[in-house]
Amino acid sequence: MIDLINVKKAYDTGVQALNGVTLHIERGEFVFIVGDSGSGKSTLIKLLLKELDPSSGAIKVNGVNLNKMKPRDIPKYRRKLGVVFQDFRLLKDRNVYENVAFAQRVVITPTKRIRKNVPKMLSLVGLAEKYKAYPKELSGGEQQRVALARALVNQPNILLADEPTGNLDPTNSKEIMRLLETINERGTTVLVVTHNQEIVDEMKKRVITMQKGVIIRDERKAGYTQHAD
């Protein structure tokens, strides 16, 4: 599903963000990526999103070699990924329904299907009744749930979540993680970058720890279930 083979990434400033990372994530896994600031977590996500290219090494996602991907194919590739950020990144001038529908319109989904899919996703994240609300009228937890619905409406097989609970209180953080777990149980591969050690400890998933651009630990916690490719 996701393979990094001896990946290195050096920035023009001379900073070595990744230094020989090899990693395999199977279809259906739920994986936490943890580590201090500067450990390489964000660089890893940007490489998977094809926002950056590695200095050396190979990256394969869904059997596609990102190193060989042509620029014109990048938008199509990204549409197959669900992405959630710490700062929600909702469209402030559009209501909840339109924020989620926007992801469908980008891939030219027929209006009839949008009208079916958007309410379905809003129900999944518990916001069916707030479809007319605007982002400013929602709590942080509700905004993140809208962002999740938007990330999932095109049924991606991989969800990347970069500090999804970073701006949330403990109660909302746990709700978001429960949603991610539900999404994972439905078959989506989930990769979460986080500083929230309490949540990591509670959820008992696979945990990859990074430090100074390398993986120093890869643990499969008690309760972790291996999925077949």
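This is a predicted model: local features need pLDDT of at least 70, side-chain atom pairs count only at pLDDT 80 or more; totals for chains, interfaces and linings use all residues.
If you picture a box along the principal axes, the C-alpha atoms fill roughly 45 × 40 × 40 Å.

What about the inside and the outside? Of the 229 residues, 49% count as buried. The accessible surface of the chain comes to about 11,700 Å², and carbon and sulfur atoms account for 47% of that surface. The contacts tell their own story: among those between residues at least 6 apart in sequence, 69% join residues at least 24 apart.

Now let us walk into the fold, starting with a sheet. Four strands form an open sheet in the order β2-β1-β4-β5, and their pairing is antiparallel. At its edges are β2, residues 16-25, and β5, residues 64-65, each of which pairs on one side only. Follow β5 to its partner and you reach β4, residues 56-61; two bridges join these antiparallel strands. Here K60 stands opposite N65 of β5. Helix α1, residues 41-48, lies across β1 (2-10), β2 and β4. Relative to β1, the helix α1 runs at about 120 degrees.

Is P71 buried or exposed? Its relative accessible area is 69%, and since exposed means over 50%, P71 is exposed because its value is above that cut-off. Along the chain, P71 and K50 are 21 residues apart, while 9.5 Å separates their C-alpha atoms.

For a contrasting loop residue, turn to T188, which is found between α6 (170-185) and β8 (189-193). With a relative accessible area of 10%, T188 is buried, because the cut-off for buried is under 20%. Which residues does T188 touch, leaving aside those up to four places away in sequence? The list is E29, P156, N157, I158, L159 and I183.

Technical notes. Residues are numbered from 1 along each chain as its sequence is written. Side-chain values use heavy atoms; hydrogens and water are left out. Two strands pair if DSSP finds at least two bridges between them. Contact means heavy atoms within 4.5 Å. Axes are lines fitted to C-alpha atoms, for helices over the stretch in contact, and angles run from 0 to 180 degrees between N-to-C directions. Buried means under 20% relative accessible area, exposed over 50%, partly exposed in between (1.4 Å probe, protein chains only). Accessible areas come from the Shrake-Rupley method with a 1.4 Å probe; for residues, only the protein chains shown count as cover.
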